[in-house]
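Hi everyone, thanks for making time. Let me put the structure up, and then we'll walk through one chain and one of its interfaces.

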Amino acid sequence: MDRVKSLASAILRDWMLLLGLLLLATVFFMAATAPFFFPQPPDTMMGPPLQWPGQYPGAPLGTDGLGRNILAGLFYGAQISLLVGFASVTVAMVFGILVGAFAGYYGGWIDNLLMRVTELFQTIPQFMLAIVVVAVLGPSIQVIIFSLAVVSWPAIARLVRGEFMVLREKAYVQGCIVVGMSDRRIIFTQILPNAMSGVTVMSTIMIATAILMESALSFLGFGDPNVTTWGTMIGMGKNNLRDAWYIMTIPGIALLLTALALNLVGDGLNDYLNPRLRSQRGQ
Amino acid sequence: MANPILQVENLQICVRKKPGVLILRGVSFHVNAGETLAIVGESGCGKSMTSLAIMGLLPDAVEKLSGTIRFKGRELPIADNRAMRKVRAAEIGMVFQEPMAALDPLYPVGKQVLEVIEEHEKLPREMAWARVIDLLTKVDLPNPETLAWSYPHKLSGGQLQRVVIAMALACNPDVLIADEPTTALDVTVQAQIMRLLKRLQRDTGVAIVLITHNLGLVAHTADRVMVMYAGNKAEEAPTRDLFLSPRHPYTRGLLDATPNPERASAQGGVLREIPGTVPSIADPMSGCRFAPRCGNASELCRARFPEPTIEGAHGYACHHPGTDARV
Amino acid sequence: MSNTLLRIDDLHVSFRVGKTMIHPVRGISLHLDRGETLALVGESGCGKTTLARTILGLQAPSSGRIAYDGNDIAGLDRFGLKRFRPHIQCVFQDPFSSLNPRKRVEQLIREPLDIHQIGERSTRLKRAHEMMERVGLPTDWGRRFPHEFSGGQRQRIGIARALVMQPDLLICDEPVSALDVSIQAQIINLLWELKRDMGLSYLFISHDLMLVETFADRVAMMYQGEIVEIGPARQVWSNPQHEFTRRMIDAIPVPDVTRPPPPAFRIDAK
């Protein structure tokens, strides 16, 4: 309960964190209420094409070249962005934490082996790797999530490994060995909770990256053709860039604000979770 | 009375913007030219904060609430960092507990001593460098010409502390503040460092403020002792008086709690402890801050803070001072 | 049941730090009797902490024998050691890093019982609370986290955690060197009482000969990986045999103004 309270007061003190959370809450709200406000799927033609924002009452943010409602696209696109962002980073976290924890805790040849594999993934440019995975396995939401997880886990693994290498030398870990605790228990119940603050911060920022990469994939035509995402909307709008720039700009701003929100939350959490700042408050 | 070179009057330091949370609760003392004053106390008593205040190095989280610090009769501008840079090293030198933290790992130690000299005096390079070598010789470092070009990580803890002492004394200050200078060192090295400080004091006449928790060091190196507790001065006396007839119960408790093999048999193999812990600085208690841990505490002690009593060179702040000699 | 609890024969420990091989323990033999306090005194880097880590199974020996109650435990793997864990426990030096900051105090003290499945699940918490009381911590502080305690109180938590399984041997690695004098006395007295009441044996590692002299039965002086002198505490203090012991005693400032300063403090000494 105390932690909830202190988190709440940290949020209220830090207006950047508050702003990030509010923006993020808006995106969640859009994703959750999309079917409620727009019972029609976002790819149905709602009215005349190329209506500027405010011009046509059925579509307050205008329509695109095929007469689709841009506002509806934003709401449904939020669903995809959040799904892809959170799901891919969750998968990446599970895998990255496992690899990093074992490498950092055991060291030696286990560390060597796991880290060489991790580096192998890191040497390939992230976006290229994601495109290759999607190109090979075919464009679907599941494949996109998988491809983004594949490019995200090495960074988490390296971070977790670093934390584990520091923490395993702490006297309290030695104490756990002395009372006879198993390695698995030490890794997951003793060290991992203390290593999580950095991972949490990193993962919020990685969600933003994943969302941007998904849009980029969709923009280039590697997206799931059955769903409307912010990236496909931007991609569709590029043909009308001269006469109807709002088609690209509006989902672009949505993307920008979402990425900004996640970064603000990440920074705010960093200040809150940073162990050094924490211990200062503790005294 | 001897000539006080450093005089601290009613120094109060509080947490920034919280005048109710006092770290130093009005401390006054003086240091005479050429003497060694030991400031003794446990963590949280304010001894290190006192030394940082004198150097104008108070951390950002705290501020001076009131009081004056006079050096040779004029007040030190401790809040003015630029003005204090002229005072540091040139007039008041300082030695820290962790010599490694006081030195820059990227420069040879001789350069760092040189830098101190050049900061304060306009000297030709060769003369300044000759002075560096001279200083390193004076602090008993072997092969000073070669050693001056070594990087800090190549030296042992004791050697590093000697370099720091050389830096502190480079501009012939009148006062040297040594904040736990030997706490991080082995006992044999500690003896060497203390002997060095005493010898340098004899040769240069520098006054030393020795901040320590080690009563053994105090017994053999200090002329006078000030005991601090929870931000207050508990007792101040010439070293011999303090050890033989301590008046404040905290001083007595501290002396009794210190292991002493020569007295072990009398204690039956167990140390005499002071029960409880130091009160929090935020605790607004009005009486004596030692009262909760004191065996002689009365209603008076809990209600009112004891005014300092002065008996010649011996001062203490206690309603019920001990009178019997301690043997 | 023999009277010797711990016997170490010709123990060597060496390991690699970066590219260099170091050899911190060079052929140590000693024994510790039941109910005895043996202090191991030396300066930093003499190998005393490595020796403690080796006895605790945190460091593998390169050769030699460590016999606990007649059983050789040197070089046992984690699994083999588990059987001996409840018997040999340890208190660490740094009260700030030796407790997991995210566990509540009662959890910390209970944990060893859970691991070794000692007692019924329901009685373990009660055991933990009894232990808290025994070391002088109010039981209603059990829900707090370590950072809410002072250094001395944390050291009490560490002692409670070490003793909750009722070990025979407690290895204390500089348990009071990070504490203030008045708190140091409290912890030393607590350890002394616990030893009396629970029939413990201590291997007490310290750099402070003056401190251990007041309560240890025997003192072993360690220098550069070897034990250079071992004997009854009083005797080591008043009649040191080895050059290293003499040098150390000559440098120790006894807090007593009626005696002359120790030889190493005299300005003209060389």
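A quick definition to begin: the radius of gyration here is taken over C-alpha atoms, and the globule rule is 2.2 Å times the number of residues to the power 0.38. For 270 residues a compact globule would come out near 18 Å, and chain C has 19 Å, which agrees. Along its principal axes, the C-alpha trace of chain C spans about 65 × 45 × 40 Å.

Some ground rules. This is a predicted model, where local features need pLDDT of at least 70 and side-chain atom pairs count only at pLDDT 80 or more, while totals for chains, interfaces and linings use all residues. Residues are numbered from 1 along each chain as its sequence is written, chains are lettered from A and ligands numbered from 1 in the order in which they are written, and side-chain values use heavy atoms, with hydrogens and water left out.

Of the 270 residues in chain C, 56% are buried, meaning under 20% relative accessible area with a 1.4 Å probe, protein chains only.

Now, the partner. How many residues does the contact take from chain C and from chain A? It takes 25 from chain C and 22 from chain A, with contact meaning heavy atoms within 4.5 Å. About 2000 Å² is buried between them, and carbon and sulfur atoms give 51% of that; this is accessible area (1.4 Å probe) that the two parts lose on being put together, summed over both. Arg78(C), Arg102(C) and Ile115(C) supply 30% of what chain C buries against chain A, more than any other three residues.

Technical notes:
Buried < 20%, exposed > 50% of the residue type's maximum accessible area, 1.4 Å probe, protein only.
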